[in-house]
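Please look over the following structure with a reader who is new to it in mind.

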Amino acid sequence: MNIVIIGDGKVGTTLSRQLQYEGHSIVVIDNDQNALKNSINSQDIMCVAGNGATIDVQLEAGVNKADLVIACTSQDELNMLCCLIAKKLGANKTIARVRTPEYFAQLGAIKDELGLSMAINPELAAATEMSRVFLFPAATKVELFAKGRVELVEFKLADNSILDYVSLSDLYKKYKIKILVCAVERGSDVFIPNGDFVLRSGDRLSITGLHSEIEKFFKSIGQVVNKVKDVLIVGGGRIGYYLAKQLQTLDMNVKIIEQDIETCKRLSEALPKVTIIHGNGNDHGVLKEEGIESADGFAALTGIDEENIIMSMIAASNNVTKVVTKVNLSTYAEMAEKLGLESIIAPKNVVANNIISYVRAMQNSYESNVETLYKLIDNRVEAVEFVVKQNGKCTGIPLKNLKTKKNMLIACIVRNRKVIFPDGNECILAGDSVILVTTNQRFNDIEDILE
């Protein structure tokens, strides 16, 4: 596909790198020639210097022949204008990054007039991902499939776990809980396990199932974590606003520490039930004074990765039940993991996953459609949900008779709202939602599972 990306910042660079890896032809537009030079030197893409909201620059970039235009500059208004012009010039689909809460809330009314195929809000998406781990604190990551009916939960087996040296087949027989272990990270290795796979303490597992079944599983293996009630957030930006708003609807007590007094005033008006503190959350004394020792939830959401990591380590050292850290640079994310921080979220990656899912859906065949896509374990594993629209080569045949690619697992099938963990006799049928986990990349169609 021909894709034009307007804006070469953190989100634009992440998107161009991942979409180019997926085999698409990428053109990037930006005013900053130094940023474009860095992109050209590190990626196999074309770049156009200039204002992405002008017709001449868009035509130079080939917007009139583009399958997709993604506007992800730092300015919402500019992004919407870019998409409006692109659509008028003949671009097939357009996506705009819209971050301002007021704009995003009213996009439904003007989306068609702007010619938008999709609007994405990185801060809202990141806050939603964070709220899920506060709701399920035993997990380091929680993703949703089948419109929220199925969860994919990532967590680390505790030291001296009762599952140490237990095979998966024995685990399923012993606990009789309807969950499926679909990926395991051990050191630098990643496995899509079968029943003979033997677990070890310290393994990082990705499991799928219903929320209630996953909760039963955690209780059965002794990895129960008390529910989060009191959350301390450092950073009152857009993510902090969205996260606090979501957590208070979950009946959690929320306090935000923010350095900028004007931001504090706006937050006080927008979130009357949230306690807003004017102060420096990077100061250990301020954290202690505002209750870090009694909090059971903590989120470090400032714009500086190093500060977020340090504050999160302070929270962890105070035995806070659930610590969530916002980190943008991948090198810092790796460092944070080595330091023992587990729930690390980068808004740019959340956005990239959503847009890549949309791009793959654009490439779908008549038989199926990509509904949801998540990248797991440092992007080495994909969890993809396909909606099977009509009969094809994969339907009506027992799974044991399908010749499928290696390193791939059909995690579950959702049929008429019923969640099925399939055995070899189960068949894929038209209308099913099929969730598969694989180390293979770029599955665009359900039939890509076949050898």
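How much area do domain 1 and domain 2 bury between them? The model is a predicted one, in which local features need pLDDT of at least 70 and side-chain atom pairs count only at pLDDT 80 or more, while totals for chains, interfaces and linings use all residues. Residues are numbered from 1 along each chain as its sequence is written, and side-chain values use heavy atoms, with hydrogens and water left out.

**Two domains**

Between them, domain 1 and domain 2 bury about 390 Å², of which 47% is on carbon and sulfur atoms; buried area here is the accessible area (1.4 Å probe) that two parts lose on being put together, summed over both. On the side of domain 1, Lys-10, Arg-99 and Pro-101 lose the most area to domain 2, together 87% of what that side buries. Domain 1 covers 2-120 and domain 2 covers 126-131 + 226-345, bounds that come from an automatic or database domain assignment. Their C-alpha centres lie 31 Å apart.

**Salt bridges**

| Pair | N to O distance |
|---|---|
| Glu-123 and Arg-99 | 2.9 Å |
| Glu-382 and Arg-360 | 2.7 Å |
| Arg-415 and Asp-432 | 2.8 Å |

Both Glu-123 and Arg-99 are buried, a term that means under 20% relative accessible area, with exposed meaning over 50% and partly exposed in between (1.4 Å probe, protein chains only). Glu-382 and Arg-360 are buried as well, and these two residues also belong to a network of salt bridges that links them with Glu-22 and Lys-375. Arg-415 counts as buried because its relative accessibility is 17%, and Asp-432 is buried with a relative accessible area of 1%.

**A nonpolar patch**

On the surface, Met-313, Met-335 and Leu-339 form a nonpolar patch with about 250 Å² of accessible area together. Patches are made of residues with over 30% relative accessible area and no salt bridge, like charges being joined within 9 Å and nonpolar side chains (Val, Leu, Ile, Met, Phe, Trp, Tyr) within 5 Å, and accessible areas come from the Shrake-Rupley method with a 1.4 Å probe, where for residues only the protein chains shown count as cover. Met-313 counts as partly exposed because its relative accessibility is 36%.

Note on methods: Salt bridge = Lys/Arg side-chain N within 4 Å of Asp/Glu carboxyl O.
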